[in-house]
Amino acid sequence: MSKIIIVGGGLAGSLTAIYLAKQGHEVHIIEKRGNPLESQADYIDQVSARAIGVSMTVRGIEAVLAAGIPLDELQACGVEVSGMAFFIKGQPKIRDLPPLDTLKPLSLSRSMFQVLLNKYAHKAKVHYHYLQRCVDVDIERASVITQNQYGEFVNHQGDLLIAADGARSVVRDAFQTHSRRFEFHQSFFKHGYKTLVIPDATEVGLRKDILYFFGMDSGGEFAGRAATIPDGSISFAVCLPYTGKVSLHSEDTQAMKDFFERYYAMIPKHIRESMYQQFMEKPSNDLINVRSSTFHYKNRALLLGDAAHATAPFLGQGMNMALEDAFVLDRLFAEFEGNLTEILPRFTDLRKKEADAMQDMARANYDVLSCSNPVFFMRAKFARYMTKQFPDRYPPDMAEKLYFTSMAYSELRDVQQKQNVWYKIGRMN
Ligand SMILES: Cc1cc2nc3c(=O)[nH]c(=O)nc-3n(C[C@H](O)[C@H](O)[C@H](O)COP(=O)(O)OP(=O)(O)OC[C@H]3O[C@@H](n4cnc5c(N)ncnc54)[C@H](O)[C@@H]3O)c2cc1C
């Protein structure tokens with residue numbers, strides 16, 4: 001049995017803890033926020049969309065179920081998604097997503113899902129150290145120093161240190177100072193975002209089982225998403241440049257009013273006005289992309305989730321991949337009977353190429369979501385037709401595989417590349 005210290009008790013950290021505790025390890029989680037089972041206040045931040053809703057595809061669902069969490073409890077945290085709608089010139093183009101199997105993607109309440117994970121982590125006897133911020137890391141000794149809300153310091157030492165502390169990971173900082181030849185690249189996406197929340201989604205008149213996308217007709221200047229979660233609210237993520245007439249920091253009130261009228265014309269006027277007011281008042285958030293050359297340090301430390309591969313959310317896969325990281329790590333622990341010298345390098349080998357593929361697809365998807373492309377829907381139809389005609393040779397549309405299977409991201413990227421060649425041969429673009 002190993003003593004494992006996980007820094008960060010968010011989605012990836014908590015699921016990893018459940019898996020490893022169930023394998024009999026002593027697992028400690030260091031989390032700077034409070035206990036969500038007592039109060040969710042720390043976990044709901046209306047300013048950041050990231051804090052409100054998140055879409056979970058079959059990959060994420062399977063990773064949660066494999067940890068022994070019942071499907072009905074997971075489904076209670078979300079609304080089942082049966083399609084996507086893309087608004088072009090105010091008109092929706094609905095694309096149904098018929099399930100390939102029985103599981104349907106979910107539009108999850110992030111805080112409800114967090115509570116569910118913590119409930120099962122407590123059941124698995126995970127030791128949580130809430131309201132403890134990790135302030136110093138010694139990866140050579142797999143130890144960290146934390147500071148609580150009273151300013152007191154505590155030292156935690158384990159056999160393995162797992163970084164699940166998100167995009168701005170302090171553990172990853174220690175990789176940079178201790179690890180030879182550790183390469184790390186952090187970049188910010190050219191646009192940022194704001195989140196607008198309408199508490200009663202029924203007033204908005206959009207279907208709750210559909211994920212809505214806006215901005216395909218914006219020439220690359222805007223991408224927006226709207227999703228409903230079980231508390232009945234709908235949140236709009238509005239992704240725009242930082243500067244300019246129509247931008248996150250615009251002071252041109254008329255230009256911004258025109259923007260809302262143009263892209264959200266389908267929404268009742270009083271709701272649109274509330275969205276405009278929120279937009280002008282709220283601060284902007286950044287979209288961060290992180291690439292690390294390795295996810296492990298000797299047999300002492302491991303990066304997973306956003307700490308290893310944070311990405312802009314244009315594919316909606318950051319959390320799904322983070323949960324799958326936990327699943328893959330669990331399988332490696334079982335296969336190599338806890339031998340960290342075997343497990344950690346294999347984790348890097350397996351996950352690094354998947355993370356790179358997922359990030360490449362996410363970046364490319366921004367262009368799809370924000371740029372008018374008249375052949376986009378023809379492509380989807382073409383792919384369905386070809387798959388039906390040549391099931392052995394023509395793979396299903398990438399989006400369907402992405403939403404309904406756990407197919408490796410690197411394979412999905414290959415499918416996408418192959419299909420791009422077919423489209424060209426068929427002169428579809
Ligand atoms: C706008 C937006 C929309 C998104 N939508 C989707 C989506 O639809 N689908 C999807 O799959 N992904 C989505 N994502 C990505 C997803 O949010 C992340 O990939 C996911 O949250 C990663 O989980 P994590 O546990 O690795 O990190 P986090 O969720 O960031 O959790 C990190 C945890 O570590 C704690 N922590 C941090 N630093 C310290 C410290 N020093 N000491 C102690 N604790 C610490 C934090 O409090 C937190 O609990 C979206 C992201 C954004 C920005």
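Trainee: Is K119 buried, partly exposed or exposed, and what is the relative accessible area of K119?

Mentor: Happy to start there, with a note that this is a predicted model, where local features need pLDDT of at least 70, side-chain atom pairs count only at pLDDT 80 or more, and totals for chains, interfaces and linings use all residues. Residues are numbered from 1 along each chain as its sequence is written, and side-chain values use heavy atoms, with hydrogens and water left out. Buried means under 20% relative accessible area, exposed over 50%, and partly exposed in between (1.4 Å probe, protein chains only). K119 is partly exposed, with a relative accessible area of 33%.

Trainee: Which residue does K119 meet in a salt bridge?

Mentor: A salt bridge here is a side-chain nitrogen of Lys or Arg within 4 Å of a carboxyl oxygen of Asp or Glu. For K119, the N to O distance is 2.7 Å, and the partner is E73.

Trainee: How many residues apart in sequence are the parts that K119 and E73 tie together?

Mentor: Helices are DSSP runs of H or I with at least four residues, strands are runs of E with at least two, and both are numbered from the N terminus. K119 lies in helix α4 (residues 110-123) and E73 in helix α3 (residues 71-75), so the pair ties together parts whose separation in sequence is 46 residues.

Trainee: Which residue forms a salt bridge with E324, and in which helix is that residue?

Mentor: The closest N and O atoms of E324 and its partner R59 are 3.0 Å apart. The pair links distant parts of the chain, 265 residues apart, with E324 in helix α9 (residues 318-335) and R59 in helix α2 (residues 58-65).

Trainee: What is the relative accessibility of K245?

Mentor: K245 meets D252 in a salt bridge at 4.0 Å, N to O. D252 is partly exposed, with a relative accessible area of 27%. K245 counts as exposed, at a relative accessibility of 60%.

Trainee: Which residues does N365 touch, not counting residues up to four places away in sequence?

Mentor: N365 lies in helix α10 (residues 340-370) and is buried, with a relative accessible area of 18%. With contact meaning heavy atoms within 4.5 Å, N365 touches F314 and L315.
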